Amino acid sequence: MTDAVARIHAAFADAGVTGRLHALDIDSGDQLDAGADQPVCTASVHKLCLLVALHERAARGVLDLAEQLEAVPGERTAGPTGVAAMLDAARLSLRDLAYLMMAVSDNAAADLLLRRVGLDAVNATTARLGLTRTRAVHSFGDMLATVKEDAGPDGARALADPRVVSRLRALDPARTNRSTPRDMTRLLGAVWRDEACTPEHGAAMRRIMGLQVWPHRLASGFPFDDVHVAGKTGSLPTLRNEVGVVEYPDGGRYAVAVFTRTAHTAATLPAADAVIGTAARIAVDALRAKAFRSSR
């Protein structure tokens, strides 16, 4: 495992990022730690916490996933995907909003669900599952509003300036939605073992996570037809994250959480995206090798 951790840190350095990672064999409990307990900004990864809280409340009969909400133009959170990018009013069920929130990281869908579920309920869910370092402090719209406010009058153009980026509250774990890589793999393990919700709702959450459309981070490390990757990305200026579960045809299931930061302010940095998959592959290979040695 020591060699694998060194290779992970070398991969992060080669990609020009600082990275934190935790990987967990969901069934054996074996793990790999590369900064697993460092506080990190979750960004859209926190939508996973909201998804679990939503399904937990549905399992208890507090809400109905078939209930429909209206997404009204001018009243919904901005964003480049899903309902957030639409021009007209839309009416969707809670479960379809959850799909958009996870599959394309739709900010408007997420905040519609958050208003229905409540921030306190999200934090109660993560606390119940033992995620002691995980907390949601604001909605996704409010998080983006802090970025706009901190950027100042030049708006998005100012985010090319490292000095501006350095003052963003959304990049400070003490002032934004936060977690640790270990907390996130603990949450993923609970979802995959049906400990977070009933089996019916666990299956629904796993299905939704498997429908995420982004292949350039975690999934890029596992380009095999018979290996299934289900995940959730998170992005902010200089920040690229993904957490997810990698499932092999032999039954192996591995939760991986990777959080990275870079000094470069460019929005497009393919190497910084790809290293998430590279680091995850190194970690999962190490866990699989350990399991193989133990079985001999």
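**Pockets and a cavity, close up**

**View 1. The largest pocket has a volume of about 1000 Å³.** This is a predicted model, where local features need pLDDT of at least 70, side-chain atom pairs count only at pLDDT 80 or more, and totals for chains, interfaces and linings use all residues. Residues are numbered from 1 along each chain as its sequence is written, and side-chain values use heavy atoms, with hydrogens and water left out. A pocket here is an open set of points on a 1 Å grid over the protein atoms alone, with protein on both sides within 12 Å along at least five of seven lines; lining residues have an atom within 4 Å of a point. Volume is the space filled by probe spheres set on the points, which are joined across faces, edges and corners.

**View 2. Here's what lines the largest pocket: 36 residues, with Pro 80, Leu 144, Ser 235, Leu 236 and Pro 237 nearest its centre.** Helix 6 (140-151), strand 7 (228-236) and strand 8 (239-247) each give two or more residues to this lining. (Helices are DSSP runs of H or I, at least four residues; strands are runs of E, at least two; both are numbered from the N terminus.)

**View 3. The second largest pocket comes in at about 160 Å³.** It has 13 lining residues, and Thr 18, Arg 20, Pro 39, Val 40 and Arg 261 sit closest to its centre.

**View 4. The largest cavity holds about 40 Å³ of space.** A cavity is a set of grid points where a 1.4 Å probe fits but cannot get out. Among its lining residues are His 46, Phe 140 and Asn 177.
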